[in-house]
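This report walks through one predicted model.

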Amino acid sequence: MTGNIQFESGPEGKDERDERKTAGEDLETDAKLEQALTDFRSSVHAWSAAAYHRPRSLESSVRRRSWRLAAGWALGCILVAGGVTAGVVEHQQNEQAARMAALAQQQAREQQEAVAKEQAREQDTGLMAKVDSDTAQEVPDAMEPLARMMEDGGTQQ
């Protein structure tokens with residue numbers, strides 16, 4: 001069964017034909033690839049040149065920046081004014097509280113002084129009443145015999 005096998009072309013012939021066919025296709029593919037890369041490169045260069053040479057408007061970014069700058073300054077001024085105002089208000093409240101405390105102390109002192117004066121006046125009045133009662137007699141001791149005589153003489157008549 002392994003008889004005479006005949007090849008139309010030997011294994012070497014088939015390989016050469018395939019190599020030639022493949023080499024031709026490779027050259028054609030390389031040329032197409034090279035053309036595609038060249039086209040891509042030229043389109044990238046054209047796009048870059050167009051992007052580089054197109055007019056740019058810096059005015060809009062300046063407007064935004066100036067608006068932001070103005071807003072930043074305004075907010076900063078508001079913060080400073082708020083801080084100063086808060087400090088002034090707190091200082092005024094502290095002064096007012098100190099004045100109220102001083103006024104309350106003064107009123108308490110005046111009230112204590114009035115109470116002390118009233119107590120002193122009552123004490124003086126009590127003391128004067130005691131002195132009056134101690135020293136007050138109808139007739140002084142030295143004149144008592146005369147006063148008795150007058151009482152007796154007034155009844156005898």
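Met143 counts as partly exposed because its relative accessibility is 44%. The classes are these: buried is under 20% relative accessible area, exposed is over 50%, and partly exposed is in between, with a 1.4 Å probe and protein chains only. Met143 sits in the loop between H2 and H3. Together with Leu146, Met149 and Met150, Met143 forms a nonpolar surface patch, and the four have about 450 Å² of accessible area together. Patch members have over 30% relative accessible area and no salt bridge; like charges are joined within 9 Å, and nonpolar side chains (Val, Leu, Ile, Met, Phe, Trp, Tyr) within 5 Å. Accessible areas come from the Shrake-Rupley method with a 1.4 Å probe, and for residues only the protein chains shown count as cover.

Residues are numbered from 1 along each chain as its sequence is written. The model is predicted, so local features need pLDDT of at least 70 and side-chain atom pairs count only at pLDDT 80 or more, while totals for chains, interfaces and linings use all residues; side-chain values use heavy atoms, with hydrogens and water left out.

**Fold and confidence**

The chain has three helices and zero strands. Its pattern along the sequence is α-α-α. Helices (H or I, at least four residues) and strands (E, at least two) are DSSP runs, numbered from the N terminus. Buried residues make up 1% of the 157 residues. The chain exposes about 15,000 Å², and carbon and sulfur atoms supply 58% of that area.

How confident is the predictor on average? The chain averages a pLDDT of 81, and 74% of the residues score at least 70. The pLDDT scale gives the predictor's confidence in each residue, from 0 to 100. Confidence is highest in helix H2 (residues 59-135), at a mean of 88. Confidence is lowest in helix H3 (residues 144-156), at 73.

Asp26 belongs to helix H1 (residues 11-53). With a relative accessible area of 42%, Asp26 is partly exposed.

**Salt bridges**

How many salt bridges does the structure hold? There are three. A salt bridge is a side-chain nitrogen of Lys or Arg within 4 Å of a carboxyl oxygen of Asp or Glu.

| Pair | N to O distance |
|---|---|
| Lys32 and Glu28 | 3.7 Å |
| Glu95 and Arg99 | 4.0 Å |
| Arg121 and Glu118 | 3.1 Å |

Lys32 and Glu28 both lie in helix H1. They are four residues apart, about one turn of the helix. Lys32 is exposed, at 56% relative accessibility. Glu28 is partly exposed, at 49%.

Helix H2 holds both Glu95 and Arg99, again four residues apart, about one turn of the helix. Glu95 is partly exposed, at 37% relative accessibility. Arg99 is exposed, with a relative accessible area of 53%.

Arg121 and Glu118 are three residues apart in helix H2, so about one helical turn separates them. Glu118 counts as partly exposed, at 37% relative accessibility.
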